[in-house]
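Thanks, everyone. I'll keep this short. Please have a look at the structure on the screen.

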Amino acid sequence: MAENAATVADIAKLFNKIKCIISDVEGTTTSLAFVRNTLKSYFLDNLHEHLTKNWDDSELQDILLKTKFETDSSDSISNIEDACSFIIRLSDTEPITYSFRQLQARIWSEGYSSGELKGHLFPDVVPAFKRWSQDGKRIFLYSSGLELSQKLLFTNSIAGNVLEIISGCFDTTVGSKYEPNSYDMILKKLECQPGEVIFFSDSIKEVKAASKAGVIAVIMDREGNLPLDQSAKDMFPVVSSFEAMIEHGFYFEY
Ligand SMILES: CSCCC(=O)C(=O)COP(=O)(O)O
């Protein structure tokens, strides 16, 4: 840790001042494997059937057209096979566009409804969020996945329907998670001062952006996450679970 970098214990002392806790999803509340393997495979495995069943749905056609436009693609999407090939090709490219995420949410929604998909949550997520809610803190999510996708995951999670512990979900409609302005926007929406909000994420770029906006930022280093650079660990406090925050005193003592 760099000489002046805050420790987890320093952050824990700020608990009383904090009004809102914001958490990233992939790599923070939820395993990378669930998002990158389970959700991705479900999407690809069910894409062709979804396109076939819904080909005449104007909302689906609109999503496909917008995806083509957003990616500046010359691919044909005039029939099911072409549209399917186009989407499969895009599924391996970054950045993932908003319309592509809308298509993901449509297909995932079917998987959650049928019970084939259950949203992964690390075991400490629900107990910690419940405890902090009881302590009067509001809990929010901020993910690149759509608000709808976040709600689906928490409604249909392995811990049951736990959406009620979440006060709200932010997605990239407030801006990129890598941009400090997005956190300014969230602060405005929450009607909070920067020091009243804490953000947890496994992404150093996100934590840096939040920190530039004055938000208190902590790196989440979950089992199964990508290895962190030492420089990231030197700059920000790092925890491996929300439970570790509680162990450091990040809760209200009655
Ligand atoms: C919460 S929706 C499924 C996850 C997803 O699609 C995603 O991109 C998660 O990214 P995050 O910003 O939560 O790291």
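This is a predicted model: local features need pLDDT of at least 70, side-chain atom pairs count only at pLDDT 80 or more; totals for chains, interfaces and linings use all residues.

Start with the largest pocket. Its volume is about 1300 Å³. How many residues line the largest pocket? The count is 44. Nearest the centre you'll find E26, R36, E94, R101 and S144. Of the elements, α2 gives the most, with six residues. The lining of the largest pocket has 19 nonpolar residues, 12 polar and 13 charged.

Where does the largest pocket lie? Domain 1, that is 5–30 plus 119–247, gives residues to the lining, and so does domain 2, 35–114. The largest pocket therefore lies between the two domains.

On to the second largest pocket. Here we have about 180 Å³ of space. I can read you the whole lining: E59, D62, I63, K66, Y98, Q102, A105, R106, S109, L146, L148 and L152. By class, that is six nonpolar, two polar and four charged residues.

Which element gives the most to this second lining? That's α5, with five residues. α3 (58–70), α5 and α7 each supply at least two. Again, domain 1 and domain 2 both contribute to the lining, so the second largest pocket lies between them.

Conventions
Residues are numbered from 1 along each chain as its sequence is written. Side-chain values use heavy atoms; hydrogens and water are left out. On a 1 Å grid over the protein atoms alone, a cavity is a set of points where a 1.4 Å probe fits but cannot get out, and a pocket is an open set with protein on both sides within 12 Å along at least five of seven lines; lining residues have an atom within 4 Å of a point. Grid points are joined across faces, edges and corners, and a volume is the space filled by probe spheres set on the points. Helices (H or I, at least four residues) and strands (E, at least two) are DSSP runs, numbered from the N terminus. Ala, Val, Leu, Ile, Met, Phe, Trp, Tyr, Cys and Pro count as nonpolar, Asp, Glu, Lys and Arg as charged, and the others, Gly among them, as polar. Domain bounds come from an automatic or database domain assignment.
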